[in-house]
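Visitor: I would like to learn how to read helix packing and domain layout in a model. Please take me through one.

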Amino acid sequence: MELAIKGNKFSRLLSLFSFGLGLINLLSLNIAISIQRNIFPSYYLYIVILGVISGVIALFLKTNSKGFTILGLLMNLLTGLTIICIIVFSFSINPSP
Amino acid sequence: MDKEQFNDLLNKYKQNKLSKEEEILFEKELDKYESYQDFLDGESEKDYKKTISNPPSKHMKSLNKGKRKAIISNALMTIAIALMILPMCTIFSFVYYGYGIADSRGNNFIQVAADTISITEPNATVDFQNIRTNVGLFSMEGDFDIYKQIGNNQKHLRTDNLTLFLNKVDQPERLKDFNAQKFSHPENPSLSTTNDVNQQLQNLPDGTVSEVFVSLDAFYSEEEIKNIFSDIELDILWYAVNTGIVDDTKYTAIGYPAQDGDINSSFNNKEENSKQFIQVLNRLNKYQDWAETITQNRSLNINEVTKFIDENGIEIYGVVVTGPTKELLKLNEIPEVTNQNLGGVELWNWR
């Protein structure tokens, strides 16, 4: 019983951590897109990956706030996908390949 | 009076079976119950009011806590969803312009813009190494540095900023001066400006190089043109090609560069420029709207021009040449030259 409560607390913490990271990542991405400047630190992608991993782990553990966990995971995935899209397609649109 | 007796009397009262005396007695009994009922109603109302005005503090606390939680989670979800809109639109824009790699919409836009400038502006080339592109929300912008050759050097003419909003090119801001006719068609010769150009060339100092737009009396092939100008020390830069459109004063001359451009340009050293010119026309056929907006010429008629050139072949009636100013005076001695227009003049930069 005690273990189950501890596990629940841990997953809730992970879920909150993933959601928080996702919110910060998404906010900074929005700012960067709006001002059209690269404001990301070099470790930005690691933070995104950390957010995704913690979200996935929280999803597999029992958590009361499944909605928040999924939303946090989605935010981190969207941030990563946007960055990858910008990098890949920027190379694709190239007058002198 | 016990319960059964009372019920019995109540039924008889309802059915009007009681005697007068019994009825009066029973009504007195009922009055007692009415005042008892009023008392009970009053007590229960007091209890209810008490419960509402002083709820237990524990319940209230948990109620408030739940309310706060719901507000915060709703706000966070709304913020998260709102923050997702811009990245999703950005992904859409990048995929829209970048999907297809070499044949992507963005690359086609760059190629069409550069090709249109190369074939509609005499002696103008786009610097492919320095094209700056920027994908915004549902739009793509491109900055094109345009150069013209005078003497041996490339001179920066201007920078064109073109925007593609979804699939529509925005009208460029620049005012075109090159819309003015620089060549006269052999079938519709305009007033000759050769004497004026001669005067200008004679008055220019010896150590200069110039750019001259030369019109010819008939249609020639590339080889014939090279033979005509073989005795003069000059470079041929651009050929004006007969498109079959003779009497439209607003019509811009269409032609192709005489010299090979950048490896990424449509006029590179892989094939003869005349063949590449036909390929460019075929490509621009698909993007006629873009080409017309870029040149600000709604009557470019690329489709008709392509058909005409396919049927008649490439017939050249004008050239852009550059060379030492005094050397260009010899153009007067060539009988095929009907008209001249002076372009740019620069300080000496020749072989």
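Visitor: Which domains does the domain assignment of chain B give?

Guide: This is a predicted model, where local features need pLDDT of at least 70, side-chain atom pairs count only at pLDDT 80 or more, and totals for chains, interfaces and linings use all residues. Residues are numbered from 1 along each chain as its sequence is written, with chains lettered from A and ligands numbered from 1 in the order in which they are written. For chain B the assignment, automatic or from a database, gives domain 1 (3-53), domain 2 (101-169) and domain 3 (194-347). The C-alpha centres of domain 1 and domain 2 of chain B are 99 Å apart.

Visitor: How many helices and strands are in chain A?

Guide: Chain A has 3 helices and 0 strands (DSSP runs: H or I of at least four residues for helices, E of at least two for strands).

Visitor: What describes two packed helices?

Guide: The angle between their axes and the distance between the axes. In chain A, the axes of α2 (residues 44-60) and α3 (residues 66-92) come within 9 Å and cross at roughly 150°; axes are lines fitted to C-alpha atoms over the stretch in contact, with angles from 0 to 180 degrees between N-to-C directions. α2(A) is therefore roughly antiparallel to α3(A), a term for angles over 145 degrees.

Visitor: Which residues of α2(A) and α3(A) make the contact?

Guide: Among them are A:L45, A:V48 and A:G51 of α2(A) and A:T69, A:G72 and A:L73 of α3(A), where contact means C-beta atoms, placed from the backbone, within 7 Å.

Methods: Angles under 35 degrees count as roughly parallel, over 145 as roughly antiparallel, 65 to 115 as roughly perpendicular and the rest as oblique. Two residues are in contact if their C-beta atoms, placed from the backbone, lie within 7 Å.
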